[in-house]
Amino acid sequence: MTDLAARQHAAAVDAESAARLAARGLDLRLVDTDAERDAYSQVVARGFLDTERSTEQLDAVRERSAYRRLVGVYDVAAPVPDAPVGTIAGWVAELSVPGGATVPSLAVSAVTVAPTHRRRGIARALVEGELRTAASLGVPVASLTVSESPLYGRYGFAAAAAVTSWRIDPQRAGWVAPDPAGRVDFVPRERWRELAPALHERVRPGVPGELAAPAALWDTLAGTRPDAKDAAKIRAVQHTDADGVVRGLLVYTVDENPDDYARSTATVSYLLAETPDAYAALWRFVLDLDLIGEVRASELSVDEPLLWMLADQRAAHVEVVDHHYVRVLDVPVALAARRYGAPGVLALDVTDPLGIAAGHWLLTVGDDGRGTVEERSSDDVPAGAVRVALGVTELSAAYLGGVSVATLAAAGRVHTSGTGGAQRAAQMLGWHDAPRLTYWY
Ligand SMILES: CC(C)(COP(=O)(O)OP(=O)(O)OC[C@H]1O[C@@H](n2cnc3c(N)ncnc32)[C@H](O)[C@@H]1OP(=O)(O)O)[C@@H](O)C(=O)NCCC(=O)NCCS
C-alpha cells in the first residue's frame with residue numbers, strides 16, 4: 001500500500017457530512033472490527049439484491065477486502081443498531097491516463113442505502129464526504145462503476161470510458177485477419193489465477209481508463225474463491241509466444257442451448273492480451289469453438305480491433321454502455337499527468353458544485369504532447385488561447401480522451417471561444433486510443 005493509500009485508509013470521516021447526518025440522529029463512522037465488517041457485508045449484499053451471506057461468504061469477503069476503507073451510517077434508534085443503514089467503500093488505486101502514466105484515484109464502491117432510509121440524503125453525505133476526504137489528502141481523481149447511470153453526475157463524475165457489449169454469430173462472422181503466431185492452451189483455473197495479475201500489471205499502463213486491480217478480482221474471474229458459484233463452468237486458456245512467454249489470458253463459460261445443441265452460447269468473462277498475436281489468437285479460438293451459435297463478451301473497447309478481424313461485421317451486434325466514471329479532484333495534478341493529442345493553449349474555467357476543483361487554469365501543451373497547468377485570474381486569456389468554460393463533470397468526461405469536447409460543446413455542455421475553438425480543444429484533449437476498463441468494482 002502506498003503512503004497516500006494508507007493515509008486514505010486511516011483518515012477520519014468527513015466532519016461536514018458527519019455533522020449533517022448527526023442532525024438527523026445518524027452516526028457516520030469507520031467500519032472497523034470483524035463483526036462490524038460482517039454486518040456491513042450483509043447490508044451491501046442486500047443493497048445489491050443479493051442473498052444473505054453465509055459464514056463461508058463472509059469469511060471470503062473479509063479476507064479479501066482489507067484494502068478497502070469502509071464507512072457506514074448507523075441509526076441508533078433501529079432495532080439492529082449494529083447494521084449500517086448506509087455504506088460506502090473506497091481505496092486508492094492507480095488509474096491509467098493517456099500517454100502511459102497513472103494517477104492515484106479514489107476508487108469508490110459499495111454505495112448502498114437501506115430501503116427504509118432512502119432519499120433522505122444519506123448517499124449524498126457518504127459520497128461527498130469521501131470525496132472531500134480524498135481531496136484533502138491530495139488524491140487527484142476519483143472513479144467508480146455504477147449500477148444506474150443518473151446517480152453520480154451531480155457529484156462531478158462522468159462516464160469517461162464507455163465500453164461495448166457484443167453478441168457475435170461465430171458461424172457467420174468469418175475471419176479476415178492474418179493467422180496469429182504462438183499457441184493457445186487450456187490451463188487449470190488455479191494456474192490462470194496465478195498468471196493474471198502480472199499480465200494485467202504489464203498491460204494496464206497502456207490502456208487509459210484501466211485501474212490497478214484488487215487481488216480479489218482474479219479469484220472471482222478464475223472461480224478460485226472458496227465461496228465461488230458455478231466455478232466448474234469456467235474454462236481457462238492462455239496464449240504463449242514463440243519463447244513460451246504468456247501474452248494473453250482468457251476465461252469463458254458455455255451454456256448449452258436446449259433447443260439446438262449445435263447453437264450453444266459461449267460467454268467471454270475476461271480476455272486480456274499483451275500483443276496483437278495474443279489478441280487475435282484468443283479471439284480466433286473463441287470464434288472457432290465447435291457447437292457455439294453465439295459468443296457474448298462485454299467490457300470491450302468502443303474501438304475494438306476485433307471488428308476489423310471479422311469478414312462479416314454484421315455478425316456482431318455491438319452495444320455501447322457507460323462504464324468507468326471519473327471525477328477530477330485536483331485539476332493541475334490530474335491534467336499534468338496525462339499526454340495530449342495536439343499542441344495548443346486552453347484557458348479553462350471550471351465550475352464545481354462541491355467547490356473542490358473549481359478555478360481558472362491555463363493548460364499549455366507542447367509539441368511533445370506534454371501539458372503544463374498554471375492557475376490564472378478569470379479575465380486573463382492569452383492571445384491565441386481557446387477559452388473553455390465547463391463544469392467538473394464535463395472536464396472529467398474528457399479527461400481520458402474518450403469523450404470529445406466538440407461533442408460536449410454540440411450537446412450544449414461546454415462553451416468555447418472563437419471559430420473552431422471546440423474543434424481545437426477537442427484535438428488537444430483527445431487521444432488516439434479509446435479508454436477502457438476491463439472489469440467492474
Ligand atoms: C442509489 C442509492 C445509494 C441512493 O441512496 P439515497 O440515500 O436514497 O440517495 P440520496 O437521498 O442521498 O439522494 C441523493 C441524490 O440522488 C438522487 N437519487 C437517488 N437515487 C436515485 C436513483 N435511483 N436515480 C436517480 N436519482 C437518484 C436523489 O434524488 C438525490 O438528488 P439531489 O440531491 O440532487 O436532489 C440507494 O437507492 C441504493 O442503495 N440503491 C441500491 C444500490 C445501488 O444501486 N447503489 C449504487 C451503486 S453504484
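Buried here means under 20% relative accessible area. Keep that cut-off at hand for the tour. The model is predicted.

**Stop 1: the ligand**

How many residues surround the ligand? There are 20, and the closest are Val-111, Arg-119, Ser-147, Glu-148 and Arg-154. Colour the shell by residue class. It divides into 9 nonpolar, 5 polar and 6 charged residues.

- Val-111: a polar atom of its backbone is 2.7 Å from a nitrogen atom of the ligand.
- Ser-147: here the side chain supplies the polar atom, 2.5 Å from an oxygen atom of the ligand.
- Glu-148: an N or O atom of its side chain is 2.8 Å from a nitrogen atom of the ligand.

On its own the ligand has 900 Å² of accessible area, and the protein covers 73% of that. Which elements give two or more residues to the shell? They are strand S4 (102–113) and helix H5 (122–137).

**Stop 2: a tyrosine pair**

Move on to the aromatic rings. The structure holds 10 aromatic pairs. Select Tyr-152 and Tyr-155. Their ring centres are 6.1 Å apart and their planes meet at 55°, so this pair is tilted. Is Tyr-152 buried or exposed? Its relative accessible area is 8%, so Tyr-152 is buried. Tyr-155 has a relative accessible area of 6% and is therefore buried.

**Stop 3: a tryptophan pair**

Select Trp-192 and Trp-218. This aromatic pair is tilted, with 6.5 Å from centre to centre and 55° between the planes. Colour by helix to see what the pair joins. Trp-192 belongs to helix H7 (residues 189–203) and Trp-218 to helix H8 (residues 215–222); the two are 26 residues apart, and the pair links distant parts of the chain. Both Trp-192 and Trp-218 are buried.

**Stop 4: a cluster and a charge over a ring**

Select Tyr-67, Trp-91, Tyr-439 and Tyr-441 together. These four form one aromatic cluster. Then show Arg-29 with Tyr-74. The charged end of Arg-29 sits over the ring of Tyr-74, at 3.8 Å from the ring centre.

**Stop 5: strand S2**

Select residues 69–75, which make up strand S2; Arg-69 is found there. Is Arg-69 buried or exposed? Its relative accessible area is 1%, so Arg-69 is buried. Show its side chain and the backbone of Gln-8. A polar atom of the Arg-69 side chain lies 3.1 Å from the backbone oxygen of Gln-8.

Stay in strand S2 and pick Val-71, which has its place there. Val-71 is buried because its relative accessible area is 1%. Val-71 and Ile-88 are 17 residues apart in sequence, and their C-alpha atoms are 5.4 Å apart in space.

**Stop 6: out to a loop**

Last, select Pro-258. Where does Pro-258 lie? It is in the loop between strand S9 (246–255) and strand S10 (264–273). With a relative accessible area of 78%, Pro-258 is exposed. Draw a line from here back to Glu-148, the residue from the first stop with a side-chain atom 2.8 Å from a ligand nitrogen. Pro-258 and Glu-148 are 33 Å apart, C-alpha to C-alpha, and 110 residues apart in sequence.

Technical notes:
Residues are numbered from 1 along each chain as its sequence is written. This is a predicted model: local features need pLDDT of at least 70, side-chain atom pairs count only at pLDDT 80 or more; totals for chains, interfaces and linings use all residues. Side-chain values use heavy atoms; hydrogens and water are left out. A residue is near a molecule or strand if one of its heavy atoms lies within 4 Å of it. A polar contact is a pair of N or O atoms within 3.5 Å; within protein, one must be able to donate a hydrogen and the other to accept it, and residues adjacent in sequence count only if both atoms are side-chain atoms. Accessible areas come from the Shrake-Rupley method with a 1.4 Å probe; for residues, only the protein chains shown count as cover. Helices (H or I, at least four residues) and strands (E, at least two) are DSSP runs, numbered from the N terminus. Ala, Val, Leu, Ile, Met, Phe, Trp, Tyr, Cys and Pro count as nonpolar, Asp, Glu, Lys and Arg as charged, and the others, Gly among them, as polar. Rings of Phe, Tyr and Trp (its six-membered ring) pair if their centres lie within 6.5 Å; planes under 30 degrees apart count as stacked, over 60 as edge-to-face and the rest as tilted. Buried means under 20% relative accessible area, exposed over 50%, partly exposed in between (1.4 Å probe, protein chains only). A charge sits over a ring if NZ of Lys or CZ of Arg is within 6 Å of the ring centre and within 35 degrees of the ring normal.
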